[in-house]
Amino acid sequence: MPRFIQATMELIDRGEYISWSLPPNCTIILTSNPDNGDYNVNSMDNAQKTRYISFELGFDKDVWARWAEKEGIDGRFINFVLSYPEIMNKEGGVQKINPRSLVTFANTISGFKDWSDTNTLGLILNIAQGCFTSEENVIGNLFTTFIANKLDKLMDPDTMLNKDWDYVKGELAKQVYDGTNYRADIAAVLTTRFCNFVNLYFDTKGSKTEVAVDRILKIIEHDKMLFSEDLIFSLIKTLQKNHPTRCNKLLLNPKVARKLI
């Protein structure tokens, strides 16, 4: 390990090592675990630390959700992380739960068809205890709440995009309203999932622009608010940024135009 560190120092400092040089305009990016006693790492001395700029990266649920959608992580688990992003909060300045553990947990339980089944849920909670280091089993406790609130049953984005509109609008209304109360938290999860899915759909060869655009317009123009104005704005802004030529029809909609202006 010291030899690798020494070689890295030379590359960072001079852009070369012995007879090998980096190509022009290269930037070296390295990742490491912190030297705080929780990881099996070699300590860095001042000579090494002064040769690079350090940044501590935090967890971004939206970035993770985009990645997870693309990688085919179980959609129910994406709902879980979007619903409870606080699971990534630090405890005493230490990150107890990391994205790698989340993915391990998600992949382990994805084979269970019905997470709300009593026996299955008990097994999932045991798996959670084994995947994460938190003594309070924070993930397990939140997962129980997640299942009790039926957030694993939220409509998946493929259904939102492709299934019959009469069915979709009815189910969306049931999920984003608790009686007369609008559930902005649930609507946010559904919008994020839908946005990420449409981005992937637009990236797919042969995808039809009008399928996604017309569905978004139906959501916007529905007589009952399904996605709030701020969520619609965020959805269209993201799609417009990533796929500008596909979103012209959306920008001509009066409700969208007024919001953008």
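Of the 261 residues in this protein chain, 37% count as buried. Keep in mind that this is a predicted model, so every value I give is computed from it.

Next, overall dimensions. Along the principal axes, the C-alpha atoms fill a box of roughly 65 × 50 × 30 Å. The radius of gyration is 23 Å, whereas a compact globule of 261 residues would come in near 18 Å.

As for secondary structure, I have 14 helices and 4 strands. Taking contacts with a separation of 6 or more, 62% are between residues 24 or more positions apart.

A disulfide is a covalent bond between the sulfur atoms of two cysteines, and the cut-off used here is a pair of sulfur atoms within 2.5 Å. Take cysteine 247: the closest cysteine sulfur belongs to cysteine 195, at 9.5 Å, which is too far for a bond.

Is cysteine 247 buried or exposed? Cysteine 247 counts as buried, because its relative accessibility is 0%. Cysteine 131, by contrast, is partly exposed, with a relative accessible area of 23%; the limit for buried is under 20%.

Methods: Residues are numbered from 1 along each chain as its sequence is written. This is a predicted model: local features need pLDDT of at least 70, side-chain atom pairs count only at pLDDT 80 or more; totals for chains, interfaces and linings use all residues. Side-chain values use heavy atoms; hydrogens and water are left out. Buried means under 20% relative accessible area, exposed over 50%, partly exposed in between (1.4 Å probe, protein chains only). Helices (H or I, at least four residues) and strands (E, at least two) are DSSP runs, numbered from the N terminus. The radius of gyration is taken over C-alpha atoms; the globule rule is 2.2 Å times the number of residues to the power 0.38. Contact means heavy atoms within 4.5 Å.
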